[in-house]
Amino acid sequence: MKMRVRLTFPQELIKEPVIFTMAKQFNVMPNIRRARVTETVGEMVLELEGEDASLQEGVRFLKAKGIEVELIEGDIIE
Amino acid sequence: MGHVKGLKCRECGREYAVDPIYVCEFCFGPLEVAYDYKAIAKAVTRKKIEQRPQTLWRYRELLPIDGEPQVGLESGFTPLVKAENLAREIGMDELYIKDDTVVHPTLSFKDRVVAVALTKAREFDFDTVACASTGNLAHSVSAHGARAGFKRFIFIPASLEASKIIASLVYEPNLIAVDGNYDDVNRLCSEVANKYRWAFVNINIRPFYAEGSKTIGFEIAEQMGWKAPDHIVVPCASGSLLTKVWKALKEFQQIGIIKDLDTKIFGAQATGCGPIAAAVKAGTDVIRPVKPNTIAKSLAIGNPADGFYASQVIKETGGYAEDVADQEIIDAMKLLARTEGIFAETAGGVTVATMIKLIKTGRISREGTTVMCITGNGLKTQEALQGHTAMPHHIKPSLASFEEVLGRISREM
């Protein structure tokens, strides 16, 4: 299963290898498509591939770390 | 014969054929419709536009369709009202209201985007249209879709009050009430859109759908006498409308329909859901998603897909963005009704209150021409005014009782 997400990193996490840790711990394959890092914030657009349960756990891990995880489509309910 | 060249990624510029797709396969950036402006410039003149029926389709060369318009043939071309009373009250030179409280058939600007989306859906040969919505979009897809003969699926969070959905249910769409929160509905719809061959208006048809918003910009320029105003205040939910109003003016200039373009674009949001205003005010271009908490439900998009691009337009044009509290929204709705006789939904209150704030802080000058985009009808959000309106005068059925009240009213006036 594949999932397309946008991650927003708070400043204190920019230097941490969070994506690598998630990938290893939950067996999720990240494919980074776009990234932007400024002084105060980091943004990353990527595809995550893995088993459904692994993806859910991986996303939960990122959120618990303090990373904002959003669908690439933005909010669809208008 | 249309003038669309194809779709183009807003991030990496990669080009795609005209298909019901919305995201770049390489960088996941959003796709946008690209036109052949040289051909359009040859095909369109002011005179030609003026001779056409007064609907949004009079700008059809700049809309992403290949054949004849098929849906929303009476939509658009709403009044541009010169708001002299309100201008006097606030102390402005020249103020106009682009009044989309009266778009055919469901009284919000969504009738414009859905008209374009469903025409395109028909061109793509879809038989089913869908959307996720808690209000205006659901009404419009239900109504336009009914007349055009589409099967319709509308997704809502199950927690939504019944009264909110009656204006959709009357058109008899398939209403799917999802047992989950907003995030769950967002995720589910994204999955449904990827699996079923449906025209999901704000997902796989989004590049085309969004282009319908340009017609507000075209109409403003035409109704101002083929001129762009000095300031335009636009309410922001996903941020798409704001970017498209600006795109419309730029396109008109590019094809020679208007000469000068020096318009500043301003964004209006509610404080309870103001991710775009927050970014503009902080001087950053990173949009941080929020959990919405405002009475302006039609603007309650916490993770705006076009937030970044809206903030860029605001920056590029020298505009600004502001946010206003719920009480300011209510006061502004009442002010608009009292001065101009226009009953706008809560989003209209956001726009009026934001404009007043921008005037007071000097971001919008009192001189020059200002246009406010009022995007939906107040009859849809009447509950927001519960307990905030004037009260009726109760009397006995006698002349004496009436005259007693009349005396009191006369003294107060």
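Domain bounds here come from an automatic or database domain assignment. This is a predicted model, in which local features need pLDDT of at least 70 and side-chain atom pairs count only at pLDDT 80 or more, while totals for chains, interfaces and linings use all residues. Residues are numbered from 1 along each chain as its sequence is written, and chains are lettered from A and ligands numbered from 1 in the order in which they are written.

**View 1. The two domains of chain B.** Chain B is assigned domain 1 (80-106 + 211-385) and domain 2 (125-204). Over C-alpha atoms, the centres of domain 1 of chain B and domain 2 of chain B lie 26 Å apart. Their contact (C-beta atoms, placed from the backbone, within 7 Å) involves 6 residues of domain 1 of chain B and 7 residues of domain 2 of chain B.

**View 2. Helix 11 and helix 12 of chain B.** Helices are DSSP runs (H or I, at least four residues), numbered from the N terminus. Helix 11 (residues 275-282) of chain B packs on helix 12 (residues 307-317) of chain B at about 45°, with axes 10 Å apart; axes are lines fitted to C-alpha atoms over the stretch in contact, and angles run from 0 to 180 degrees between N-to-C directions. The two helices of chain B are therefore oblique to each other (angles under 35 degrees count as roughly parallel, over 145 as roughly antiparallel, 65 to 115 as roughly perpendicular and the rest as oblique). B:Pro275, B:Ile276, B:Ala279 and B:Val280 of helix 11 meet B:Gly307, B:Ala310, B:Ser311 and B:Ile314 of helix 12.

**View 3. Chain B against chain A.** Contacts join 27 residues of chain B to 17 residues of chain A. Helix 7 (residues 182-195) of chain B supplies the largest share of the chain B side, 6 residues.

How values were computed
Two residues are in contact if their C-beta atoms, placed from the backbone, lie within 7 Å.
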